[in-house]
Structure formats: structure tokens, C-alpha cells
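Hi,

Here is the structure I promised to pass on.

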Amino acid sequence: MQEVFYEESATMTKTGSAKTKYYILKTFSIISYVFAVLWAIIVFNFYRFSSNIVLDIIFILVPLILFIATGILLGRFKDKLYVDYDYTFVSGSIRFSKVIKNIKRKKVLVFDTANIDKLGKYGSDSFYRYESTPGIKKLVLTMNSEPQEGKDFYYLAVSVGGQKYLLILECTQVFISNIIRFSSRTVIEDGFFNKR
């Protein structure tokens, strides 16, 4: 069988508010780090230790830890607001990546079509059966609540490294057709071709 490479992205349709929230959180994260540095400078230059070492340590460390923890939490949360997803198919291997603000790329999941238990339309009876399966990890690989033009929502139920995943994708029929071409017919949910 010939080598097949196909890639597409699930990009955010409403980037305006996400971009604003991203920059607000980034600003507050930076401010938290600045306060941590200022606090450390103030303590180092001006603080006079008392006879109670425990109270001194609490007074010095608690604000410092709070500023740093706030900066870290805001920084991590901002990265969840402005996200696109890349879907890559290479001759039976599927790779999903998260792209944060078109700058940072993080691998989400890589597996072969042999790992697929079921493939179908999002919202079908088969989807809800998998969604209610105990121990399954649900990953929504799109930020959109409505599919973009030419795309639809699909699901893949896969087993990777002993963990079962329910993946929700926003992709074209071409991407799904490539997966089907390299998969067993038994992974396709009943009535799938009638729903398209």
C-alpha cells in the first residue's frame, strides 16, 4: 500500500475573546513574578530577623510562595485558552498535537489505527455508550462548540498503553476516510455511512 500523509487543523473560530483573556492572564502572571522578586529584594535588604525564627520564615516564605504559585497557575491556565489542534495521519499512524497561541506545540497522543476500538459520529448512541464507560479518559481535541464549514464532529475510542481514550475531533470526511482506509471495518459504528 502506498504511503499516505494527511494533516489538518481544528482552529478556533472565536479567537478575539480568547486572545484577550490569554494576554490578561499572561500580564497578571508576569506581575506575580515581579512581586515575588520585589518581595525577595525587600526582605533581603530591609527585614530584621526577630528572636522567633519560625515566624520570620513564615513571614518571608508565605508571600514569596504565593506570588510564585499564582504566577505558575495563571501561566498554565492561560495556555488552555488559546489552543488549536493539529491532526496528522501517516499511513496508519495518527498523531494529535496541541498548538498554544500558534507558538508552542505539545504532543497529545500518538497511536496506530490498530489501537482504534470504535470510530463514529459525535453524539451517536455508540458515542454515549463509550462516554459512560468507567475508566475512559475523554479528550476534546477542538475548542469550537460548532464545527467549521466542511468539517464535522467525530469520535475515536482508542486503547493506548493500557488506557482507554474517547477522542472528540473536528475534522473533514477526508481525514476520517484515511483512518477508515487503514482500519478494520469492525471499528466503524453501525449506520456510520448512513449518517454522513
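First, the ground rules. This is a predicted model, with local features needing pLDDT of at least 70 and side-chain atom pairs counting only at pLDDT 80 or more, while totals for chains, interfaces and linings use all residues. Residues are numbered from 1 along each chain as its sequence is written, and side-chain values use heavy atoms, with hydrogens and water left out.

The protein has five helices and eight strands; these are DSSP runs numbered from the N terminus (helices are H or I, at least four residues; strands are E, at least two). Their order from the N terminus is β-α-α-β-β-β-β-α-β-β-β-α-α. Along the principal axes, the C-alpha atoms fill a box of roughly 75 × 35 × 35 Å. Of the 196 residues, 40% count as buried, meaning under 20% relative accessible area with a 1.4 Å probe, protein chains only.

Four strands form an open sheet in the order 5-7-8-6, with mixed pairing; two strands pair if DSSP finds at least two bridges between them. Strand 5 (116-121) and strand 6 (137-140) are the edges, each pairing on one side only. Strand 6 runs parallel to strand 8 (residues 163-171) over four bridges, and V140 has I168 in strand 8 as its bridge partner.

What about the cores? A nonpolar core here is a set of buried Ala, Val, Leu, Ile, Met, Phe, Trp, Tyr and Cys residues joined through side-chain atoms within 4.5 Å. The largest one has 35 residues, and F96, F111, L156 and L167 have the most contacts inside it. Among the elements giving two or more residues to this core are helix 1 (15-46), strand 3 (93-100), strand 4 (104-112) and helix 4 (173-181). Another core, of six residues, lies apart from it and includes F127, Y155, A157 and L166.

Which residues does F111 touch, leaving aside its neighbours within four places in sequence? They are G92, S93, I94, F96, I116, L156, V158, V160 and L167, with contact meaning heavy atoms within 4.5 Å.

Cheers

Methods. Buried means under 20% relative accessible area, exposed over 50%, partly exposed in between (1.4 Å probe, protein chains only).
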